[in-house]
Amino acid sequence: MKQRVATAVIGLSIFFFVLAFYSTVFLNISVAIVVFLALYEMFHVTGVWENKPLSVLCFVFAVLPVFFSGSFQDEWLGYCEAVFVLAIFCILLFYHETLHYTKAAVAFAATIAIGYAGRILIRFREMGGNPAEGIYYTLLAFGLAWLTDTGAYLFGITLGKHKLAPKISPKKTVEGAVGGVVFCFVTVWLLSWFYQWICSSIWQVGVMVDYTLLFLLTPIGSLLSMLGDLSASLIKRQCGVKDYGSLMPGHGGIMDRFDSVFFVLPFLYLFTRLFPIL
């Protein structure tokens with residue numbers, strides 16, 4: 001428990017340090033590192049890493065777009081995706097004796113999902129009229145994921161009796177899942193109000209949160225974060241490993257900590273594009 005808390009404190013310190021340089025290329029570099037490490041862990045667990053050319057191709061396609069603007073991505077990413085698919089099949093044909101098509105499919109799916117989530121974090125910076133809005137969207141994405149996980153852990157160890165998915169994640173309980181959604185709902189609202197107050201009173205920046213839309217968004221985002229956690233756990237179980245890595249003692253690897261975030265980000269981006277909450 002102490003190790004888990006210590007790692008969380010260090011991780012949050014790094015997270016807020018990155019946000020302090022939100023408007024600089026440091027954010028792009030940080031997102032690129034997370035995307036790279038998450039892909040590496042996924043490839044290592046699923047066996048994709050055994051084929052280095054395929055792995056390198058996926059790293060390049062997932063990481064490089066993080067350094068380009070949203071308008072550039074909209075114009076060129078579609079062409080790059082076509083080249084990416086063709087390159088995967090060329091590698092599959094060349095290494096057909098050692099590379100199974102299922103690993104190529106896993107590489108493609110993981111690269112698209114993780115790479116897209118990373119690009120959304122950069123797009124949040126471009127969406128708002130000021131950096132404070134992009135920071136709020138970023139905090140909201142991580143809050144929906146991590147606060148749900150925290151609430152589920154706390155309620156699970158104190159009230160948990162009924163297993164949620166015993167064959168996928170034995171420690172998760174129904175009571176923990178319900179508690180996670182409730183905890184996330186309450187804390188997201190409180191933290192949103194607190195962030196709005198900081199922006200107006202200290203930073204002198206106008207950030208107005210639409211709490212009606214936040215009321216609709218929060219439980220859906222919370223449930224999606226649990227879906228992401230269970231989905232990543234399913235892959236681990238089928239691959240016969242406990243954690244994706246050991247980079248974060250007490251938490252596992254980058255994928256173990258960011259799996260739910262990767263699921264929340266696409267939903268949050270789509271929701272805020274259709275229904276701006278700021």
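Let's start with a term: a residue counts as buried when its relative accessible area is under 20%. Thr46 has a relative accessible area of 18%, so Thr46 is buried. Keep in mind as you look around that this is a predicted model.

Thr46 sits in helix α2, which covers residues 25–46. A polar atom of the Thr46 side chain lies 2.7 Å from the backbone oxygen of Met42. If you set aside the neighbours within four places in sequence, Thr46 is in contact with Lys103, Val106, Ile235 and Cys239.

Now let's turn to charged side chains. Side chains of opposite charge can pair when their charged atoms come close. You will find 4 salt bridges in this structure. One of them joins Arg257 to Asp149, with 2.8 Å between the closest N and O atoms. This pair links distant parts of the chain, since Arg257 belongs to helix α9 (residues 254–274) and Asp149 to helix α6 (residues 131–159), 108 residues apart. Arg257 and Asp149 are both buried.

Another salt bridge brings together the side chains of Lys172 and Asp229, at 3.3 Å from N to O. Lys172 is in strand β2 (residues 169–173) and Asp229 is in helix α8 (residues 211–239), so this pair ties together parts that are 57 residues apart in sequence. Lys172 has a relative accessible area of 23% and is therefore partly exposed, whereas Asp229, at 14%, is buried.

Helix α8 also holds Lys236, which pairs with Asp256 of helix α9, 20 residues apart. The side chains of Lys236 and Asp256 meet in a salt bridge of 2.8 Å, N to O, and both of these residues are buried.

Terms used
Residues are numbered from 1 along each chain as its sequence is written. This is a predicted model: local features need pLDDT of at least 70, side-chain atom pairs count only at pLDDT 80 or more; totals for chains, interfaces and linings use all residues. Side-chain values use heavy atoms; hydrogens and water are left out. Helices (H or I, at least four residues) and strands (E, at least two) are DSSP runs, numbered from the N terminus. Buried means under 20% relative accessible area, exposed over 50%, partly exposed in between (1.4 Å probe, protein chains only). A polar contact is a pair of N or O atoms within 3.5 Å; within protein, one must be able to donate a hydrogen and the other to accept it, and residues adjacent in sequence count only if both atoms are side-chain atoms. Contact means heavy atoms within 4.5 Å.
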